[in-house]
Amino acid sequence: MAAQPPKAGMTESEEAKMRVTAAAAVVLVLLAPGAGRAETAFKLGTFARDGRPLLGLVLEDRRVVDIAAANGALQRRHPDWKALAMPSDMTALIEHYEDGLRERLHAIAGETAVATPRPGYVHDLKALKVRPPVRPETMLNAAVNYTEHEVEMRRGPGAAASPAAPPAPTPQSAPGLWQRRPDDTRHTPYLFLKPRTAVIADGEAIRIPPGRERIDWECELAVVVGRKGHHVPVERAREHVFGYTLEHDVSDRGGRGDARHGSDWLVGKGHDTFAPLGPFIVPKEFVPDPHRLGIRFTLSGTRMQDSTTAHMTHTVDEMLHYASNILTLRPGDVISTGSPAGVGSARNPPIFMKPGDVAVCTIDGIGTLTNPVAAAAPLAAAEPEGPEKVIALVLFPDLTLLDLVGPLQVLKGLPAPYRTVVVGERKEPMATDAGVAVTPERTFAEVPRPFAIVVPGGPGSVAAMGSDAVQGYLRSAAPEAEVVGSVCTGALVLAASGLLEGRRATTHWAYAGELEKLGGRYVRERWVEDGKFITAGGVSAGIDMALALAERLTDAATARRIQLGIEYDPHPPLGGIDWSRVGEAELARQRLGGTGQRLKDAARLLAGRPDLLRRLGLNPEP
């Protein structure tokens, strides 16, 4: 069937929308696994249902499939399917999408789309709370990446009456960052950071900060990174893209009151709520060409921006290449590609957002991001003792009981506002290496944002490396925690989540090789600090680490009182370890213990984490 030509009188965004629709239809048919059957397009999002997090597959922008529940049901229906664990957060899904998740999610979408009656794991979108689809560790935004936006910002209000700006000087290459072709007269890409605290979801309010009245809009296509990369060539950049979403790059044009050091990007871009993101992520296989998408913005029903991503100065691929030359990109990171013309500050007279407005950003094929505009939230009344600061000790089956109890008895002695609790996936008894079962006091869902996290070790740490529940909790909670610690082989559990990549850390000495294979830099010390990360090598070292942490959080006198309370006064009868006498025979004997035995079974225990098996030099089970 031949594509229809654009109709006369169409706007650029309408023409782009028609092209995207036609191209997407062709791609979906080509992707179909069976002849004559089109692929079911889907988006991915993060939601809350009855207060609990839900990772969802979105069909037709109105139905949400609970991925974990759907996978369980369909695996029971198809016993020939390989058992595959579903991640509990979007970052983990992105990281493992090419490790079997892609094919499984496509299968889930295809079966669910035609299922009658509707399965119980499918929910109406309106019945769920939409969350930001991903919580990026790094969020980069492009400045002036559309020529017409650059022109309007340079000229300012009354552009038509302003004389043409003088020609810019010929740009040069930026060694190591941007190599310019002789015929390339474009400026070098310009990126700035947005803080995590600026991210809000579809439907949440953009808050006008007190005293700031010149709040502007910028509707942008955002790229979600799918693969870790540093110095990524332009021609391979698309391999590192997971998908696309929308970002509203809310901007404060009020300035800082002086001209110190030029533009102040933190003031201009960094306020809380200034990065609405979502509502969903569209995997890249459903976006044939990200540079042919209509993009529009309306403010309280009035169209303010109407353009196409074809007008980008630097492409998606060039932006990712440039960013990767500066820092390491990781799965779940976001690069927003800049705004087209039509911002409020460039109008004559200028127009700015105000409480009561509704901001709507739409990109064809990606979605619509809607946010009300409101005044700053009232300051919460101060609590006399400050908010509770929860220290979460992570519990999983078959851990070493002493790795848990040692730090627990120290940290339980901390005064308010600190409160130490044992957390786990469910409030059910879990076996330990000592034959004593321990039940978590709270679930992971009940402590989503702990002040500090401590991960014990033990034989069960191997399975915990591949546990979606444990790994998902660490990935979501650790970035915002003030302290992240581990005891013994608990460091391997942290490393499996990518948290110790390139960091100094320690673990049980017999498993130093595994720690290094998983990205940590092993240091043979009782306990090691690297920024907010603090890792201990063994049982008594875990108590030392906890006492040091107690002193850091309170004072030396409090830590000493806790030490006296547990009468911890280590005087090993044999003295310190003489490492010169520790050879290969002792290493082999130590690895006969529980963790070593579990590593022999790692191909089964980590079947859902082929990336970890590869890093550990192990082959997955056939």
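**The open sheet and beyond**

Five strands make up an open sheet with mixed pairing, in the order 9-19-18-15-16. Two strands pair if DSSP finds at least two bridges between them. Strands (E, at least two residues) and helices (H or I, at least four) are DSSP runs, numbered from the N terminus.

Some ground rules come next. This is a predicted model, in which local features need pLDDT of at least 70 and side-chain atom pairs count only at pLDDT 80 or more, while totals for chains, interfaces and linings use all residues. Residues are numbered from 1 along each chain as its sequence is written, and side-chain values use heavy atoms, with hydrogens and water left out.

Strand 9 (206-208) and strand 16 (302-308) stand at its edges. Each has a single partner strand, so one side of each is left without a neighbour in the sheet. On average, neighbouring strands are turned by 15° against each other, direction ignored. Such angles run from 0 to 180 degrees between N-to-C directions, with axes as lines fitted to C-alpha atoms, for helices over the stretch in contact.

Strand 15 (residues 294-299) runs antiparallel to strand 16, and six bridges join them. G294 stands opposite T308 in strand 16. T298 has R303 of strand 16 as its bridge partner. The two strands form a hairpin with two residues between them. S300 sits in the turn and has a positive phi of about 50°.

A loop leads on to another strand of the sheet. P350 lies between strand 17 (334-336) and strand 18 (358-363). P350 is partly exposed, at 33% relative accessibility. The cut-offs are under 20% relative accessible area for buried, over 50% for exposed, and partly exposed in between (1.4 Å probe, protein chains only).

Next, the aromatic rings. Rings of Phe, Tyr and Trp (its six-membered ring) pair if their centres lie within 6.5 Å; planes under 30 degrees apart count as stacked, over 60 as edge-to-face and the rest as tilted. By this rule there are nine aromatic pairs. In one of them, Y190 and W265 have ring centres 5.4 Å apart and planes at 45°, so the pair is tilted. Y190 is in the loop between helix 5 (147-155) and strand 7 (191-193), and W265 is in helix 6 (residues 265-269), 75 residues apart. Y190 is partly exposed at 40% relative accessible area, and W265 is partly exposed at 29%. Ring pairs link Y190, F192 and W265 into a cluster.

Last, a covered helix. Eight of the 10 residues of helix 10 (residues 468-477) are buried. Among them are V470, Y473, L474 and R475. Their cover includes helix 3 (90-95), strand 20 (389-394) and helix 11 (490-496). Contact here means heavy atoms within 4.5 Å.
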